[in-house]
Amino acid sequence: MVDDFDIIIIGAGIAGTTCAILCARAGMSALLLERGEQPGQKNLSGGRLYGYVLNDIIAGFPDLAPLERAITHEHFSLLTDRGATTLNHQQPASPSWSILRARFDPWYAEQAQAAGAQCLFSVTVDALHRENDRVAGVLCGGDLLRAGVVVLAEGANSLLAEQCGLIPAPSPTSMALGIKETLALEPARIEERFHLETHQGAAWLFSGNLCGNKQAGAFLYTNRQSLSLGVVAPLASLRDGPTAASALLSQLKKPPTLRPLLRGTQTLEYGAHLVPEGGLHSLPRQRAGNGWLLAGDTLRTCVNAGFTVRGMDMAMLSARAAADTLIAARRRPEIPLHALYDRQLQRSLLWQQLKRYQHLPTLLQRSSWYQSWPALCHEAMADLSRVDAEVNPALWRILLRHGRRMGLRRLTADVIRSLQCL
């Protein structure tokens, strides 16, 4: 039977749309399916877009895309139950922007349509259609749409891929829950509170005492007229307590570091979604097969480097590798699709990044990063800044005393492990 399309892509997120653009430009007939009424409808609260990949796909995109603010101010805070230690960095030009996916994704889908891809929204894929042990299309509301290859880019909560047995269910240690909120705030107040010029933006990451001694992190991004606030914790941390997932976000707003930044804000939207944070070792063993291929969060490519979280650029890199695979498959149909895809992935920048941080998920599971290190930094800074009637000890004595409290052997081991992972 004749295929309706060369490629059918399930999911009009960052990865699916990128794949549709590149495949359409290569002359393939591509259909992009999205179950939401419009792309980005399910992606609450926005995030941070690193633009190096997108600039290769759409040159000059900062002048075209609905971006929020250029990130020129970086903050990283280690929170304790008594205070925080914060590292600040400012840069005049930015390679990244805050975005709201509800605004960005529809624009990005328009670029796919302009490239020649067809897009259908409010369409739910009920099942994959198989013929002779090969995925040959999708079933939507009783209708069969045939394709040479089906790309599954349905996100981290990849129910269709799991139900069809293409990938196993993820383990609680490799998947996190992100609870996010958008808070309305006037632009003038945003710029005053975060010490920004017009159109400048800030990214603020938090670690430490967010979920007891369990692994958890948080973020705060400035948009044009709102803030994106969120906390991300592995499912294993939430399963073992001590804090319920529903209480994490309200608990995040209590520390004195955040309270002044959030004062007078109004909640616009609230939601939660799964985030794949297992890194290289959590990727499915089978990433492509006879008539199908995984991309984006379905491939579980998100990287949490501790000081930054990289999801959207990793999704674009995986989509570019997927598109290059599909283009190569037209020239070399005798080579199995999974072999072509593995070859493209292992040649890509995505694979290099995943290899760079492959041991970091295990390191970040150590409780010392959420209790001992924030306390060490807080107490050492308190001693360094103390002024009273006594003579301050030498700097090396201060650091040595606090290092002994933590344990010099454990401190040294943590430093060595961190250098190896990063």
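**The meeting of domain 1 and domain 2**

In this predicted model, the C-alpha centres of domain 1 and domain 2 are 29 Å apart. The contact draws 14 residues from domain 1 and 14 residues from domain 2. In the domain assignment, domain 1 is made of three stretches, 5-47, 101-170 and 280-347. Domain 2 covers 175-276. The assignment also gives a domain 3, at 363-421.

Now the interface itself. The size of an interface is often given as the accessible area lost when the parts come together. Between domain 1 and domain 2, about 1200 Å² is buried. Carbon and sulfur atoms account for 60% of that area. On the side of domain 1 that touches domain 2, five residues are nonpolar, six are polar and three are charged.

Next, the cysteines. A disulfide is a covalent bond between the sulfur atoms of two cysteines. The search of the whole structure finds zero disulfides. Cys 23 is in none, and its nearest cysteine sulfur belongs to Cys 19, 3.9 Å away. The cut-off for a disulfide is 2.5 Å. Cys 23 has a relative accessible area of 0%, so Cys 23 counts as buried. Cys 302 is buried too, at 4%.

Technical notes: Residues numbered from 1 in each chain as written. Predicted model: local features only at pLDDT ≥ 70, side-chain atom pairs only at ≥ 80, totals over all residues. Heavy atoms only, no water. Domains from an automatic or database assignment. Contact = heavy atoms within 4.5 Å. Buried area = accessible area lost by both parts, 1.4 Å probe. Nonpolar A, V, L, I, M, F, W, Y, C, P; charged D, E, K, R; others polar. Buried < 20%, exposed > 50% of the residue type's maximum accessible area, 1.4 Å probe, protein only.
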